[in-house]
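Please keep the sequence and the structure in view while reading.

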Amino acid sequence: MNRRSRSTVLAVALTATLGLSACVKNSESGDDAIKVTSTADGCEVSTAKADSGTITFDVTNDGDKITEFYVLDSNKLRIVGEVENIAPGTSRDLTVQAQPGEYFTECKPGMVGDGIGNAKFTVTGDDVAVDEDQQKAIDAAVASYTAYTKDQVGELVGNVDDFVAAYTSGDDETARKLFPITRINYERIEPTAEQFGDLDPKIDYRKPGAEAENLPFTGFHRIEMDLWLDEARKNYPTEELIELDEKGRAKLGDQLRTDIKALYDKVHSDEFVLTVGDITNGAIGLLDEIAAPDGKLPGEEDEFSHTDLYDFYANVEGAQVAYGAVRDIAEAKGTEGEKLVGDLDRQFKGMFALLETYGDYDQGFVSYDTVEQAQRNELGAQLNALSEPLSQLTHTVLGVSKS
Amino acid sequence: MTGPRLSRRSALGLIGAAGAAGVAGGFTAGAARGDDAPSTTDLVVPFRGKHQAGITTAVQQHLYFASFDMTSTAGREELKSLLADWTAAAARMTRGQDVTDEGAVGGGPYKPPDDTGEALDLQANALTITFGFGPTLFEDADGRDRFGIADRRPKELVELPSFAFDLLEDRFSGGDLCIQACANDPQVAVHAIRNLSRIAFGRAQVRWTQLGYGRTSTTSKAQATPRNLFGFKDGTANIFGSDGSDLATSVWADDSDQPWLDGGTFLVARKIQMLIESWDRVRLEEQEAIIGRDKGEGAPLSGGTEFTEPKFDVFSTKAGGPAIPMDSHVRLAHPDHNGGARMLRRGYNFVEGNNDLGQLNAGLFFLAFVRSPQQFIDVQRSLAKDTLNEYIRHIGSAIFAVPGGIRAGDSVGSGLF
């Protein structure tokens, strides 16, 4: 199998081996290091090209907030390498092992919200051999996925702020538009968030779930119910559902912001440790979220807004990032590994292609209540096609010795 | 398993004796010969042979039937590989083995087991797995030849015409492929379909399935006559596995236009709902007149015992007309009134809870193997006048071509490519 040609097909997965060494020191970089300058509104990289292999970035913070620097894979989701906590006026190094392919660089002054100065970065040259030491490769995969999780929650904080602001100010049109978009970051890392048993129920429980457990109904879906009250009344015709007033909205919005902040603190604490099994099992867990009887495939997740396809897409993206973190480790496991990786690359591609016939984040996905049963069956068939090989990933990464 | 056959049968309640296969094909009484030898747990039915197993095989007690559609992205290679993988898995499971060597517990702790495991500790239980191909496999509803096999389609493999009293639903009808799994333990049959469905993910997806308990036909003279859910004996007119000349005339499609169908047959599947509550309010005399047989013994109303041939010209002074009424099921379904058409039937009862009105969802899953679908069509058309129609509705329908036996080292359907 030719690596290069496959990388054009699925560049996202190919970047998996980028060994991340975010262990940084104060800059003593040699002349080879690529200079990066982070400012309040920019992220200047001295060159947009490099040879494959070890690449070092020397990041200087010329802004007035603590900053971060990221190297992202071609879909701008998976973190290939990152360096955090660069204080104003200081500089730190980031070293990555890069395979040939397309990447993106960006900075994040203030360390929360979307990155800035996003720019393309191209790596050319020969393939780099997968690290002979499996533990090192696994450590790199875990570091990469952990960074991704933190990054997603970081973005979630900013997006929830915008969503809650629109909702509490009574701008329902904007709030309805932002609702599915805001959930994307959460859906990408859902199994991780669910590790924190007390937070997920507050943030993401559906109405029947909250009621069954005698919990106050709060979070995304409570706001969803208020924003799509007509649909809610259709779904629960015997209940008297009342529109929330300004005070009620403020209380709900504050609660969601508080809970998301708590999630941010948890994933950014030293106690937040993931294993490679968390990553590979999390990938299949994300797909299970879609297929569950109260999930996206039956249209139960977003029962008022019918924005299930956004969540569906985000769950698949999250699974693909988790897969991408360990893809090269799996591929190095002889013919079994090569076959699995080939299957998964193909099935992820097929899943995205099918979902994209229904729209995208920018243009919007069609309302799920217009997706007929035969079409849902087709989505379910492709989800099964993807889920079966994905369920083998943990075994291939951890249970098969290299051949 | 030996010895307490009677007690097992009574423990199974309705299962052993209930039946309803005759609804479309002839409600005729069968042989109460007592010995149900195939109900042993360790019985292995050979998977390979001149014909596929599960057709003339003595009918097992339980059925799980599945209809599949190929997925939208699957092409010729996926169909080929699917049939090869299904064949390999079916050959193992019919021997009572796990679906692969690693099986249910031998694959290591980190991956989902290859075999789902619910049949561990259960033996083969006479499991048979029988494959068939629907019309849409050769040409879909839009006229596309998705797998490059349109020229391999048997001329007679077309959707069945509609019949009087049909109330068909898509969700119980059609399909590109089918698998019939029969066994003497329901879990063994379910295990087979579940694992074959899992193997198919990415290539084919379940369209509908049907669980059947309690055979309603016999294909062996050694098997006792079952009763259907209407309480009548069923199965005398059925073709037995030992009836060589009847099988040649009525079952094996050796003279079709497709060589791959030699040793094969056509399978007609009909899901027939019985209006149980209404039937149960019909007085005995009328029940017997509708069927054309007496309920206790199963003898034709023209006289004799269960195995007496019905005499359609006998007059009854009590009835003031023919002893076997003109619109009775036995008369209309009898080969004498259908150009000699007979079918090999392997139907099963089903009970699937109840509807919102508290009525039983129950009936007969009718399966017939025929040399030509025309045999079924002719009989079903005759039955338009059947008074039994007041108490049944056909709610599902499918037709499949069942290829001949699978030779050693070969896969089912290899003749398609």
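Two strands are taken to pair if DSSP finds at least two bridges between them. The model discussed here is a predicted one. In chain A, five strands form an open sheet in the order 4-10-9-6-7, and their pairing is mixed. Strand 4 (49–51) and strand 7 (79–86) of chain A each have a single partner strand, so they stand at the edges and one side of each is left without a neighbour in the sheet. From one strand to the next, the twist averages 20°.

In general, the strands of a sheet pair through backbone hydrogen bonds, in either a parallel or an antiparallel sense.

Attention now turns to charged side chains. Over all chains, a search of the whole structure finds 50 salt bridges. One of them joins D204(A) to R183(A), with the closest N and O atoms 2.8 Å apart. Because D204(A) belongs to helix 6 (residues 199–204) of chain A and R183(A) to helix 4 (residues 172–188) of chain A, this pair ties together parts that are 21 residues apart in sequence. The residue D204(A) counts as buried because its relative accessibility of 5% falls under the 20% limit. R183(A) is likewise buried, with a relative accessible area of 0%.

A further salt bridge links R249(A) and D226(A), whose closest N and O atoms are 3.3 Å apart. This pair connects distant parts of the chain, since R249(A) lies in helix 10 (residues 246–267) of chain A and D226(A) in helix 8 (residues 220–227) of chain A, 23 residues apart. At 6% relative accessibility, R249(A) counts as buried, and D226(A) is buried with a relative accessible area of 4%.

Which residues are joined into one network by salt bridges that share partners? They are R183(A), E187(A), E190(A), D204(A), K296(A), E301(A), D302(A) and D311(A).

In chain B, R283(B) forms a salt bridge with E285(B), the closest N and O atoms being 3.2 Å apart. Here E285(B) counts as partly exposed, at 45% relative accessibility.

Note on methods:
Residues numbered from 1 in each chain as written. Chains lettered and ligands numbered in written order. Predicted model: local features only at pLDDT ≥ 70, side-chain atom pairs only at ≥ 80, totals over all residues. Heavy atoms only, no water. Helix = DSSP H or I, 4+ residues; strand = E, 2+ residues; numbered from the N terminus. Axes fitted to C-alpha atoms, helices over the stretch in contact; angles between N-to-C directions. Salt bridge = Lys/Arg side-chain N within 4 Å of Asp/Glu carboxyl O. Buried < 20%, exposed > 50% of the residue type's maximum accessible area, 1.4 Å probe, protein only.
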